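Have a go at each task before reading its solution.

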Amino acid sequence: MRYLIFILPILLYSQTLQELFQSADANNGLIHSQKEQLQAKGHELESAKGAYVPTLDVGALYQRYDERSNFMPGSTYGAYVRLGLSIYDGGAKSSAVTQKSSEQKSRQYSLEAKRQELYLAITQDFFTLRSLHASLEAYEQSQKLLQAQLERVKAFLEARVATEDEVDRLQAAFDTNLFEIESLRLEIIRVQKSLELRSGLALSDTPQSRFIAPSDLEGGELDSIQALRLQADAMREAAESIESHYYPNISLEDTYSFYGYADYDATHPKGVDNQNKLLVTMNIRLFDYGVLDEQSQAVRLGAKALQSQADYYAQEQQMQRSLSEHRIKASELKIKSAQSALRAASSALESITKKFSAGIVDNVAFLDALAAQTRAKALYESSLNELQIAYALYYYFHAKNIEEYLQ
């Protein structure tokens with residue numbers, strides 16, 4: 001199991017982000033859900049458009065009287081064809097089509113928003129894992145050095161040229177370092193499982209990825225915000241559809257029927273063999289105690305609420321966009337600082353290790369130098385990965401498709 005933990009990060013980091021994105025788009029359940037909801041809205045839109053088309057029904061009937069009344073046959077059977085058409089409905093069909101169209105567009109933006117959110121989360125997991133792996137490597141190198149020095153000092157103790165105190169200090173540092181290694185391994189597994197869940201990708205050996213350093217970009221509005229605005233538009237159209245019931249509703253219906261008869265005679269004659277019936281109806285709502293008006297107002301207030309949410313999130317996006325620019329600058333400065341610290345710490349550790357081996361300095365100085373070099377190396381590697389995350393956040397909050405900016 002321990003060796004497997006070492007291997008898994010190496011396999012993971014060889015995956016390109018582009019492959020992870022593609023796999024997530026094909027396998028992630030949340031993306032599938034959004035795609036299916038989009039398809040459902042497409043069917044709803046087609047259904048709303050179909051309301052403009054005349055309806056055509058066919059039917060059949062059979063009727064029998066056990067006790068015949070005068071001038072009525074005992075049995076009647078027949079078939080009919082009915083054509084129906086809504087001539088005027090106060091704009092209900094038009095509002096329904098516009099509503100469903102807005103809902104479909106909103107769902108399309110929701111799909112893109114979920115895709116970009118997922119890609120950003122995958123990016124953060126990916127580079128977080130790289131940082132964790134770099135830290136693990138630094139602590140493993142420290143462990144090797146601690147192991148060698150611990151064995152050397154133990155040999156000196158047997159030769160009575162070192163003290164128990166020196167061995168205990170090195171042993172404590174060794175055990176602490178081992179605990180850090182095990183903690184990092186656990187965190188690597190946790191983040192890796194999160195990435196596997198999001199991407200749905202079986203890991204294999206491929207090159208790593210980086211983002212193009214961003215230049216000044218014109219920022220758009222996030223897809224999630226545009227989806228909210230379109231939802232608000234759809235609700236306003238729904239309110240229009242409700243209000244259309246206060247206008248006249250005129251419909252036309254033409255039915256052509258064929259009849260046959262049985263059990264008839266002179267006293268109980270049969271009826272006509274065929275009949276065409278034309279029916280024009282008009283309906284208008286005169287009074288409903290304000291029920292439809294209240295429904296309409298409720299829907300319009302819901303639309304206003306969505307619009308307010310969209311406006312708030314737009315302001316938040318502007319704030320995050322500005323922060324993303326500062327984050328890049330801070331990450332670049334952190335890399336320079338960490339690089340200088342790593343050079344200094346590595347040089348100091350090399351010098352102090354030689355002196356410690358020669359007995360010129362004690363193990364306190366050696367342990368301090370080793371800890372400083374380990375932290376500096378981990379910090380430098382994590383700073384490089386934080387810059388990549390900062391790039392991704394910059395593209396995301398500028399409403400760009402982050403996968404298009406991968407090298």
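**Exercise 1. Which residues of the largest nonpolar core touch the most other members?**

Before you start, note that this is a predicted model, in which local features need pLDDT of at least 70 and side-chain atom pairs count only at pLDDT 80 or more, while totals for chains, interfaces and linings use all residues. Residues are numbered from 1 along each chain as its sequence is written, and side-chain values use heavy atoms, leaving out hydrogens and water.

Step 1: Recall the term. A nonpolar core is a set of buried Ala, Val, Leu, Ile, Met, Phe, Trp, Tyr and Cys residues joined through side-chain atoms within 4.5 Å. Buried means under 20% relative accessible area, exposed over 50%, and partly exposed in between (1.4 Å probe, protein chains only).

Step 2: Pick out the residues. Among the 51 residues in this core, Leu17, Phe21, Ile122, Phe211, Tyr395 and Ile402 touch the most other members.

Step 3: See where the core comes from. Helices 2, 3, 4, 5, 6, 7 and 8 each supply at least two of its residues, and helix 8 gives the largest share, twelve residues. Helices here are DSSP runs (H or I, at least four residues), numbered from the N terminus, as are strands (E, at least two).

**Exercise 2. Find what Leu17 is in contact with, leaving aside its neighbours within four places in sequence.**

Step 1: Use the cut-off for contact, which is heavy atoms within 4.5 Å.

Step 2: List the partners. Leu17 is in contact with Ile122, Thr123, Phe126, Phe127, Ser209, Phe211 and Leu406.

**Exercise 3. Is Lys41 buried or exposed?**

Step 1: Locate the residue: Lys41 lies in helix 3.

Step 2: Apply the cut-off. Lys41 has 18% relative accessibility, so Lys41 counts as buried.

Step 3: Look around it. Not counting residues up to four places away in sequence, Lys41 touches Glu103, Gln104 and Arg107.

**Exercise 4. Which residue forms a salt bridge with Arg229?**

Step 1: Name the partner. The side chain of Arg229 meets that of Asp311, at 2.9 Å from N to O.

Step 2: Arg229 is in helix 6 and Asp311 in helix 7, 82 residues apart, and the bridge links distant parts of the chain. Asp311 counts as partly exposed because its relative accessibility is 36%.

Technical notes:
A salt bridge is a side-chain nitrogen of Lys or Arg within 4 Å of a carboxyl oxygen of Asp or Glu.
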